[in-house]
Amino acid sequence: MRDVLNATQAAAVLECAPMKVKKRIEIGEWPGKIIPKSKTGLTCDTIEMSVYELGEFFHISQEEIWRRLAERKGWVKTG
């Protein structure tokens with residue numbers, strides 16, 4: 001499994017709205033990247049944030065990040 005979170009997952013870890021994560025990444029205030037819809041072929045841009053970047057930037061251990069995601073149904077790290 002890749003150690004990359006989408007905006008919704010990052011928002012769950014940070015306990016904020018996914019739109020806040022998207023906007024902060026867009027303006028360069030938080031680490032992460034935006035993959036344009038032209039590259040993915042999807043209908044909207046994709047927001048990605050590495051677990052390592054998230055943990056380092058917000059001073060949260062990776063174990064704590066995965067624990068917070070495990071509280072949400074279907075977001076448990078497998079493998």
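Begin by selecting D45 and K37: a polar atom of the D45 side chain lies 2.9 Å from the backbone nitrogen of K37. The model shown here is predicted. D45 is placed in the loop between α3 (37–40) and β3. Is this residue buried, partly exposed or exposed? D45 counts as partly exposed, because its relative accessibility is 38%. Display its surroundings next: setting aside residues up to four places away in sequence, D45 touches I34, I35, P36 and K37. The C-alpha atoms of D45 and I34 are 6.6 Å apart, although 11 residues separate the two in sequence.

**The sheet**

Now extend the selection to the whole open sheet, whose three strands have the order β1-β3-β2 with antiparallel pairing. Its edge strands are β1 and β2 (33–35), each pairing on one side only. From one strand to the next, the twist averages 35 degrees.

**Helix α1**

Move to α1, residues 7–14. At its N-terminal end, select N6, which caps the helix: a side-chain oxygen of N6 lies 3.1 Å from the backbone nitrogen of T8. Just after the helix, E15 adopts a positive phi of about 55 degrees. Why is α1 described as largely enclosed by the rest of the structure? Seven of its eight residues are buried, so the remainder of the structure largely encloses the helix. To see them, select A7, Q9, A10, A11, A12, V13 and L14. These buried residues pack against β1 (4–6), α2 (18–26), β3 (46–50), α4 (51–58) and α5 (62–70).

**The nonpolar core**

Finish with the largest nonpolar core, which has 17 residues; L5, V13, V21, M49, L54 and I65 have the most contacts inside it. At least two of the core residues come from each of α1, α2, β3, α4 and α5. Which element gives the most to this core? It is α1, with five residues. Centre the view on L5 and, leaving aside neighbours within four places in sequence, display its contacts: A10, V13, I47, E48, M49, V51, L54, I65, W66 and L69.

Definitions and conventions. Residues numbered from 1 in each chain as written. Predicted model: local features only at pLDDT ≥ 70, side-chain atom pairs only at ≥ 80, totals over all residues. Heavy atoms only, no water. Buried < 20%, exposed > 50% of the residue type's maximum accessible area, 1.4 Å probe, protein only. Helix = DSSP H or I, 4+ residues; strand = E, 2+ residues; numbered from the N terminus. Contact = heavy atoms within 4.5 Å. Polar contact = N/O pair within 3.5 Å; in protein donor to acceptor, adjacent residues only side chain to side chain. Core = buried A, V, L, I, M, F, W, Y, C linked by side-chain atoms within 4.5 Å. Pairing = 2+ DSSP bridges. Axes fitted to C-alpha atoms, helices over the stretch in contact; angles between N-to-C directions.
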